[in-house]
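Good morning, colleagues. Please bring up the model on the screen, and I shall then take you through some of its contacts.

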Protein chains: 2
Amino acid sequence: MSDRLWNANTKKLIPYVPGEQPRTKCIKLNTNENPYPPSPNVKDLLSDFKYDSLRLYPDPTSSNLKEGLAEYYGVEKDEIFIGNGSDEVLAFAFQAFFDKEMPVAFPDITYSFYPVYANLYSIPTEIIPLDENFNMPLKAIKVFKGGVVLANPNAPTGMAEPLSAIIDLLKSNPDRLVIIDEAYIDFGGETATGLVRNYENLLVVQTVSKSRSLAGLRVGYAFGNPSLIKALECIRDSFNSYTIDTLAQKVALVAIKDGTWFEQTRAKIIKTREWFIAALSELGFTTLPSKANFIFTKPSKSCASELYELLKEKGILIRYFRKPRIDSYLRISIGTDEEMEQLLIAFEEILNQN
Amino acid sequence: MSDRLWNANTKKLIPYVPGEQPRTKCIKLNTNENPYPPSPNVKDLLSDFKYDSLRLYPDPTSSNLKEGLAEYYGVEKDEIFIGNGSDEVLAFAFQAFFDKEMPVAFPDITYSFYPVYANLYSIPTEIIPLDENFNMPLKAIKVFKGGVVLANPNAPTGMAEPLSAIIDLLKSNPDRLVIIDEAYIDFGGETATGLVRNYENLLVVQTVSKSRSLAGLRVGYAFGNPSLIKALECIRDSFNSYTIDTLAQKVALVAIKDGTWFEQTRAKIIKTREWFIAALSELGFTTLPSKANFIFTKPSKSCASELYELLKEKGILIRYFRKPRIDSYLRISIGTDEEMEQLLIAFEEILNQN
């Protein structure tokens with residue numbers, strides 16, 4: 001295959017590689033999906049949906065969805081940007097705010113899409129290592145002269161920073177943008193959403209993929225000062241005026257409005273996570289403190305990559321990263337109680353055989 | 001509102017402005033939407049949809065939809081790229097193939113998103129004027145040393161180039177990419193899809209928005225040599241791994257598979273277009289020959305912008321472009337027979353009052 005018609009930038013890209021999406025039946029604990037279905041109201045919405053409305057373009061402003069988000073999160077509509085998944089929101093943010101004059105810093109161990117965006121838009125990066133306990137290197141980040149993107153809770157560690165640390169970072173330099181990627185915030189972290197009114201250098205990014213069980217829908221959003229939102233809109237409207245389809249706008253709104261379902265399912269996941277970490281500990285695993293819907297854990301004696309492979313043979317898919325510093329760890333999404341029990345049984349079988 | 005945190009590129013953007021999407025009831029003939037609903041099978045799909053599957057990420061490769069497209073269009077799966085609307089496909093193509101070394105040419109009068117993409121990605125452009133009859137300036141395009149993007153049929157003129165002209169252009173320089181934007185191809189033009197096997201410098205872009213009545217769904221696709229498709233995938237996977245949600249993949253597939261509905265509705269639109277052009281002619285309008293689901297027409301005496309405003313007052317929305325060369329024209333989407341009859345009555349009323 002010849003790449004002679006690719007431009008120079010395309011030739012140097014190293015795309016992001018998401019976790020496997022197997023088409024065969026398995027216990028799937030590898031991409032941090034929610035084990036529970038989305039709000040049952042989604043079912044009613046789809047069965048009653050006026051399908052002929054799809055002949056018309058969607059509302060380009062996602063106005064109704066914005067209203068729902070504004071009400072739920074206590075922000076104004078002009079403080080909200082909606083994208084085709086939080087990945088699109090993050091991509092637009094990198095493109096809108098960072099460049100050679102404003103490079104971006106992020107930790108060595110974090111969401112691996114950040115360096116991919118930087119490469120796509122030719123943005124210089126400053127990779128600042130997490131400390132030896134995987135804590136955020138906030139001191140080093142604060143002295144960096146440029147933008148920052150932090151996942152809070154971080155991935156794949158699951159560890160969260162308190163709000164006070166975020167405020168400290170925001171105050172350290174009002175002229176740099178701080179993006180807080182809160183994809184996993186609803187499982188125990190402290191959201192920075194309430195800060196956007198006071199800190200015009202803060203952009204908070206969230207998604208319906210995890211805590212609203214809608215990874216298949218592709219809806220993410222950012223909260224920030226209207227000036228930041230306007231910049232994201234400028235990028236979007238120079239790229240694709242209609243990024244959120246009519247169905248996605250309506251389904252996401254129904255999910256946001258069903259607070260009861262949201263509270264019930266996230267509470268279940270947190271409960272499962274806590275007993276599962278305790279049970280893993282009895283098997284000799286060391287698990288980082290998690291505020292996410294996944295855990296990052298290190299087997300005491302066995303080899304992590306081998307465990308990953310053996311589980312896969314048993315039809316259980318988790319995530320293993322063959323990367324420096326974390327190649328002795330496994331990332332495990334929190335499924336239902338039954339799924340986690342089956343995983344524990346599988347771990348026991350494997351460990352007993354060794 | 002301060003733009004102090006915007007980067008230099010964002011500050012210079014001039015976003016695309018789509019046609020109005022009014023939220024009030026009107027006869028809407030301004031954004032080339034299909035007046036007929038999508039395939040009735042879409043309704044069944046949505047009522048039977050297993051909503052809990054939305055908790056999982058979509059298939060990142062849109063494999064089933066690709067199979068359906070491959071079968072319908074007689075191409076291979078690796079010759080297909082699917083995007084979040086054809087606007088996203090076009091944006092990725094500009095980003096993947098054009099740059100300072102490979103500038104892009106397009107006509108002065110065409111889809112107004114092309115210069116917006118070029119500006120977003122800092123791609124130099126060569127604007128080549130249509131001739132005095134709005135024909136494609138193919139001679140001038142052929143001698144241009146760079147890439148080309150052509151809408152065929154063109155917008156907002158509705159005029160189409162024959163396949164022989166496209167072949168001629170492809171042969172003129174195998175080292176330049178030619179993008180043929182076929183958003184409106186199904187209403188009478190000759191598609192270049194069959195050429196992608198023989199011309200590795202050809203990318204054909206289509207959409208389900210118009211001829212499949214699914215503007216609200218956001219699914220577009222490109223056909224091209226596997227090397228071109230691979231480049232688009234590199235861009236996408238450096239931007240957003242999951243651009244097409246689960247519902248969109250399934251709904252688009254159902255629409256593509258329903259060839260009968262597609263043939264019936266596009267035939268109706270073509271028939272309506274032809275009698276409507278004839279009726280307009282009797283009112284003194286001069287209409288360009290259209291192969292699209294819209295027409296571009298010039299009133300004999302009245303002022304086009306005034307007609308646009310007066311129609312709006314009567315609850316009929318069409319499109320007027322306040323731009324050099326075309327500011328005496330009106331673009332009118334082809335609606336149902338009833339809608340076009342109401343428009344004719346409104347025109348008559350207005351013309352009789354003057």
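Predicted model: local features only at pLDDT ≥ 70, side-chain atom pairs only at ≥ 80, totals over all residues.

I begin with the interface. How many residues of chain A are in contact with chain B? There are 90, and they meet 90 residues of chain B. Between them, chain A and chain B bury about 7,500 Å², and carbon and sulfur atoms account for 57% of that area.

As for specific interactions, 44 residue pairs are in polar contact across the interface of chain A and chain B, counting pairs in which both residues have pLDDT 80 or more. The interface also holds 4 salt bridges. One of these joins the side chains of B:Asp175 and A:Arg4, with an N to O distance of 2.7 Å.

Which helices of chain A supply at least two residues each to the side that touches chain B? They are H1 (8–11), H2 (41–48), H3 (63–73), H4 (86–97), H5 (114–120), H8 (226–237) and H9 (246–257). By residue class, that side of chain A comprises 49 nonpolar, 23 polar and 18 charged residues.

B:Gln21 sits in the loop that runs between helix H1 (8–11) and strand E1 (27–28) of chain B. Its side chain makes a polar contact of 2.9 Å with the side chain of A:Tyr242. Within chain B, the side chain of B:Gln21 is in polar contact with that of B:Lys28, at 3.0 Å. Setting aside neighbours within four places in sequence, the residues in contact with B:Gln21 include A:Tyr57, A:Pro58 and A:Pro60 from chain A, and B:Thr31 and B:Glu33 from chain B.

My last topic is the sheet. In chain B, 3 strands form an open, antiparallel sheet in the order E9-E10-E12.

The pairing of E9(B) with strand E10 of chain B, residues 294–298, is antiparallel and runs over 2 bridges. In one bridge, B:Thr286 is partnered by B:Lys298 of E10(B). Helix H10 of chain B, residues 259–282, packs on this sheet and touches E9, E10 and E12 of chain B. The direction of H10 makes about 10° with that of E10(B).

Thank you for your attention.

Conventions:
Residues numbered from 1 in each chain as written. Chains lettered and ligands numbered in written order. Heavy atoms only, no water. Pairing = 2+ DSSP bridges. Helix = DSSP H or I, 4+ residues; strand = E, 2+ residues; numbered from the N terminus. Contact = heavy atoms within 4.5 Å. Axes fitted to C-alpha atoms, helices over the stretch in contact; angles between N-to-C directions. Polar contact = N/O pair within 3.5 Å; in protein donor to acceptor, adjacent residues only side chain to side chain. Buried area = accessible area lost by both parts, 1.4 Å probe. Nonpolar A, V, L, I, M, F, W, Y, C, P; charged D, E, K, R; others polar.
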